[in-house]
There are 2 protein chains.
Amino acid sequence: MSEAMQERLAWIAVDWGSSNLRAWAMDERGEVLARGSSDKGMLALAQEDYEPALLETVGDWLPASGRVPVWVCGMAGARQGWQEAVYLPVPARLGELARAAVAPAVDEPRLDVRLLPGLCQHADPAGRAFDVMRGEETQLAGLVAREPGFTGLVCLPGTHAKWAWLEEGAVTRFATHLTGELYRLLASQSVLKHSVADAELDAPGCREAFVAAVRDAHAEPGRFGQQLFGLRAADLLDDALPSGAARHARLGARLSGLTIGLELSGMRHDLSGAAVTLIGSEALCNRYTLALEALGHDSRRLDGEAAVLAGLGLAQADQRRQKGGNL
Amino acid sequence: MSEAMQERLAWIAVDWGSSNLRAWAMDERGEVLARGSSDKGMLALAQEDYEPALLETVGDWLPASGRVPVWVCGMAGARQGWQEAVYLPVPARLGELARAAVAPAVDEPRLDVRLLPGLCQHADPAGRAFDVMRGEETQLAGLVAREPGFTGLVCLPGTHAKWAWLEEGAVTRFATHLTGELYRLLASQSVLKHSVADAELDAPGCREAFVAAVRDAHAEPGRFGQQLFGLRAADLLDDALPSGAARHARLGARLSGLTIGLELSGMRHDLSGAAVTLIGSEALCNRYTLALEALGHDSRRLDGEAAVLAGLGLAQADQRRQKGGNL
């Protein structure tokens, strides 16, 4: 990084997950000066490896002197991570995550690292179930940073898809579905692995196969296990399918639709109201948009990277305000 | 085997699956003279390996001279097996499986091998879905051998659990659920692997955890993906659970209940009538009995080994009758 850019560096944003870390050099106005990433996720690191891993990725951005705030969300704050930052119980105000952040000890004097907390939910008679999130709360905070006082239903698709109910900028309830992990296990480890392939929905017939599967799983969620084996049986018997790679793409699109349709079936009582706000990558959110549309529901999308940066920025700003108030 | 027993040997029964083979030396009256088994299942064998693998297991049973009928069901008859025996389309009369058997070429003159067909089902407007079975049709034939003209709903729990509708000794429809495979994948390959352990239901609290999970998945099958992640969250948060191995057993029992409850939810419209006939091992059928009971349904059990032997015996007898008729 050039010296001029180092001078503009105001803070560093880090999303540190189980399998990788992504970092952004940020200026005072929230603009991204540089990006970095590494495959040194939480699962690959012992406690003492975190600071070196961080420096490998962001060391070049640091000015010769001065202390740079580094705001981190995600699994680095788990018990098996760098240092545990608690799970805040819901209801939790998303503008106040910074107040539960922890500062792990570091050797490098130019680093001022803060790990943000996750959220947890205890089972209760009102129908809440045990649940946890770590990382997604910061994306939700990003939504609130952009739309203060936000109220509505938010979905963050992924390996463990999260649904969160927000009221006036606070999470009141949330629900995690194992959707992405189910898809991945079934596509790569089950009897279906020879019958399905990851499919782009713009390949011929894949969008239709996906949408039909969403509708099938949504209509008869109890038949999910049967619908899964049906992919194998269709591969053996269905003459209407194309052959070769196109056949496996079609069945892969159907598998994706079944897993997402099952999830939406579980959310059916919550989907009657306003548009769902999706937060995540374009490709995955597009699938959810399509699936929701097929069931008659509106949605809109906020980019996942934009959300995490806005959420970390909100934490940064909140801490500076707190500091200011204490002066 | 003693010479006296070799003299009593009338035929050999073989259940040859994907991952192992089991063989029984049978006398004229259907009594078992000896048992053998091997881990040389279909997945471990090339076409030319089948005869040697069979001889390793049953070679000692063969008399010095004379030809012994060997009736085989299961994956040895798949396209990737010894030789393909077709999938018979439903409706299919279970007393007539032998008529679609194939006889692979063998070098050993004392072997007269017959591979039984599987069953297939094509999608149709009446709600049938694409489906296949190979091996279970012989257990169903065993039920019909014991109760000629059987009419009713039969369930064969397992990796790929099969439900079959029988009318007057014929299969008119069937449905496969990926239940056992889902359990295995989730327990050993997913994020849940650190939270669950295989559990005996007579361990403290496990029966109750299993039954509650059956009811939960049955009541809200769309929340299956959420109920799964809930096992991980409960492991992190639920103070009411015991600690250590007992905790993981409790959560493992719940995982088992969720997968079986999902399956029973899918079958809910078919479970209103008479008792379900379960065919399989005692341990697994006991889980299904318990789950069905929790939902108000009766069941009875036929032992899986007894069923396969009766089914292969029915095929043997049918072929002898056919031969007799041709004389």
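Visitor: Which residues does Q80(B) touch, not counting residues up to four places away in sequence?

Guide: In this predicted model, Q80(B) touches R232(A), M42(B) and Y50(B).

Visitor: And where is Q80(B) placed in chain B?

Guide: Q80(B) is in the loop between β4 (68-74) and β5 (87-89) of chain B. The C-alpha atoms of Q80(B) and Q47(B) are separated by 8.0 Å, and the two residues are 33 apart along the chain.

Visitor: Why is Q80(B) called partly exposed?

Guide: The relative accessible area of Q80(B) is 47%. Buried means under 20% and exposed means over 50%, so a value in between is called partly exposed.

Visitor: Staying with chain B, how many residues of helix α3 are buried?

Guide: Nine of the eleven residues of α3(B), which runs over residues 136-146, are buried, so the helix is mostly covered. The buried residues are E136(B), E137(B), T138(B), Q139(B), L140(B), A141(B), G142(B), L143(B) and V144(B).

Visitor: Now chain A. Where is T138(A), and is it buried or exposed?

Guide: T138(A) is in helix α3 (residues 136-146) of chain A. Its relative accessibility is 0%, so T138(A) counts as buried.

Visitor: What is T138(A) in contact with?

Guide: Leaving aside neighbours within four places in sequence, T138(A) is in contact with C73(A), L97(A), L116(A), A307(A), V308(A), G311(A) and L312(A).

Visitor: What about I279(A): which strand is it in?

Guide: I279(A) is in strand β13 (residues 276-280) of chain A. Because its relative accessibility is 1%, I279(A) counts as buried.

Visitor: Which residues is I279(A) in contact with?

Guide: Beyond its neighbours within four places in sequence, the contacts of I279(A) include Q139(A), L140(A), L143(A), V154(A), C155(A), L302(A) and A307(A). D303(A) is also one of the contacts.

Visitor: Let us change topic. Is A240(A) buried or exposed?

Guide: A240(A) counts as exposed, because its relative accessibility is 68%. A240(A) is in the loop between α6 (224-237) and α7 (244-266) of chain A. A240(A) and Q121(A) are 119 residues apart in sequence and 47 Å apart in space, C-alpha to C-alpha.

Visitor: Which residues of helix α2 of chain A are buried?

Guide: The buried residues of α2(A), which covers residues 50-58, are Y50(A), E51(A), A53(A), L54(A), T57(A) and V58(A). These residues cover an arc of only 160 degrees around the axis, so they are on the same side of α2(A).

Visitor: What covers them?

Guide: The cover of the buried residues of α2(A) includes the chain A strands β1 (9-16), β2 (21-27), β3 (32-38), β4 (68-74) and β7 (111-115).

Visitor: How many helices and strands does chain A have?

Guide: Chain A has nine helices and 14 strands. The radius of gyration of chain A is 22 Å, close to the 20 Å that the globule rule gives for 327 residues, so chain A is as compact as a globular protein of that length.

Visitor: What does the C-alpha trace of chain A span?

Guide: Along its principal axes, the C-alpha trace of chain A spans about 70 × 45 × 30 Å. Of the 327 residues in chain A, 57% are buried.

Visitor: How many positive and negative side chains does chain A have?

Guide: Chain A has 32 positive and 42 negative side chains. The centres of the two sets lie 3 Å apart.

Note on methods: Residues are numbered from 1 along each chain as its sequence is written. Chains are lettered from A and ligands numbered from 1 in the order in which they are written. This is a predicted model: local features need pLDDT of at least 70, side-chain atom pairs count only at pLDDT 80 or more; totals for chains, interfaces and linings use all residues. Side-chain values use heavy atoms; hydrogens and water are left out. Buried means under 20% relative accessible area, exposed over 50%, partly exposed in between (1.4 Å probe, protein chains only). Helices (H or I, at least four residues) and strands (E, at least two) are DSSP runs, numbered from the N terminus. The arc is that of the directions from the helix axis to the C-beta atoms. Contact means heavy atoms within 4.5 Å. The radius of gyration is taken over C-alpha atoms; the globule rule is 2.2 Å times the number of residues to the power 0.38. Lys and Arg count as positive and Asp and Glu as negative; His and the chain ends are not counted. The place of a charge is taken as NZ of Lys, CZ of Arg, CG of Asp or CD of Glu.
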